[in-house]
Amino acid sequence: MNIEDSIKAFEKTNKNCVIAYGGDGTLLEVARANEFKKAVFPIRNYGLCDEHAQLFDELLGKAKICRDFKQTIHPLLEVRFNGKSDVAAAEVTVKNKDITSCMRFDVIVNDKLYMENVICDGVIFATSLGSHGYFKSVTRTIFKDGIGIGFIAPTYGICNLVLDLADKIVLKFVRDTEVVVTADKRLHALEKTEADSVIEVSQDPRCNLSLFGYELFCCPRCRKNRNSTVINDQYLG
């Protein structure tokens with residue numbers, strides 16, 4: 001039985017769970033395609049260590065039941081702007097369309113001014129699931145709980161933030177700007193954002209992303225087989 005047939009057999013046996021066979025991007029694509037309603041079992045299609053390669057062969061060959069693996073629940077972020085909204089399991093980014101200019105905005109948390117007149121190229125809002133991706137490349141850190149806010153190329157030294165999941169964050173623009181908004185790297189819009197307009201980010205209370213075996217997906221030995229720079233920075237849920 002080839003890998004595609006094995007995955008179909010697994011999903012037929014486990015109707016509330018699907019397999020994402022690939023990398024981090026595949027995980028997010030599969031979760032979104034199923035509207036975050038089904039649990040996802042992510043399996044890397046590269047770099048597996050011997051121990052987990054054998055385990056996954058067993059899973060695919062026998063359609064093993066997901067409850068035998070650890071379940072982790074990950075929050076989703078909702079981004080709202082100009083009457084539109086989108087959700088993300090890993091990250092939301094807001095960037096300036098004009099690469100020769102910076103964005104200027106205030107950061108408002110729970111209706112209170114938190115940071116004034118921030119000047120930078122963009123902002124990353126990350127969940128713990130996404131903290132070891134783009135957020136880590138900008139901030140050089142990861143986190144396990146909350147909402148991370150990373151500032152891309154600020155004009156002066158400012159601290160990146162990790163706020164509570166319950167916090168509501170608003171970017172209030174100080175001047176007119178054209179911004180690019182993405183949710184899990186999916187381009188959502190190019191918008192003319194006028195001064196005093198806002199972009200809001202908070203936890204989406206309507207649903208979460210359920211993952212089985214995510215701690216194995218983040219195994220540093222599996223990842224090191226592909227990328228020797230990865231050393232014990234996994235997020236274990």
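The protein chain presents an accessible surface of about 11900 Å², and carbon and sulfur atoms account for 48% of this area (Shrake-Rupley method, 1.4 Å probe; for residues, only the protein chains shown count as cover). The model is predicted, so to speak of local features a pLDDT of at least 70 is needed and side-chain atom pairs count only at pLDDT 80 or more, while totals for chains, interfaces and linings use all residues. Residues are numbered from 1 along each chain as its sequence is written, and side-chain values use heavy atoms, with hydrogens and water left out.

Of the 237 residues in the protein chain, 50% count as buried (under 20% relative accessible area, with exposed being over 50% and partly exposed in between; 1.4 Å probe, protein chains only). The chain folds into six helices and 14 strands, taken as DSSP runs numbered from the N terminus (helices H or I, at least four residues; strands E, at least two). When contacts (heavy atoms within 4.5 Å) between residues at least 6 apart in sequence are considered, 63% join residues at least 24 apart.

Six of its seven residues are buried, so β6 is largely enclosed by the rest of the structure. On one side, β6 pairs with strand β7 (residues 112–120) in the antiparallel sense through six bridges; pairing requires at least two bridges found by DSSP between the strands. V109 has K112 in β7 as its bridge partner. The two strands form a hairpin with two residues between them, and N110 in the turn takes a positive phi of about 55 degrees. Strand β6 also pairs with β11, again antiparallel, over five bridges, and here D106 stands opposite K172.

Three aromatic pairs occur in the structure, where ring centres of Phe, Tyr or Trp (its six-membered ring) lie within 6.5 Å and planes count as stacked under 30 degrees apart, edge-to-face over 60 and tilted otherwise. In one of them, the rings of F105 and F173 have centres 6.3 Å apart and planes at 65 degrees, so the pair is edge-to-face. This pair links distant parts of the chain, with F105 in β6 (residues 103–109) and F173 in β11 (residues 169–173), 68 residues apart. F105 is buried at 0% relative accessibility, and F173 is buried at 1%.

Turning to a helix, α2 (residues 24–33) has L27, L28, V30, A31 and R32 buried. Just after α2, E35 adopts a positive phi of about 55 degrees.
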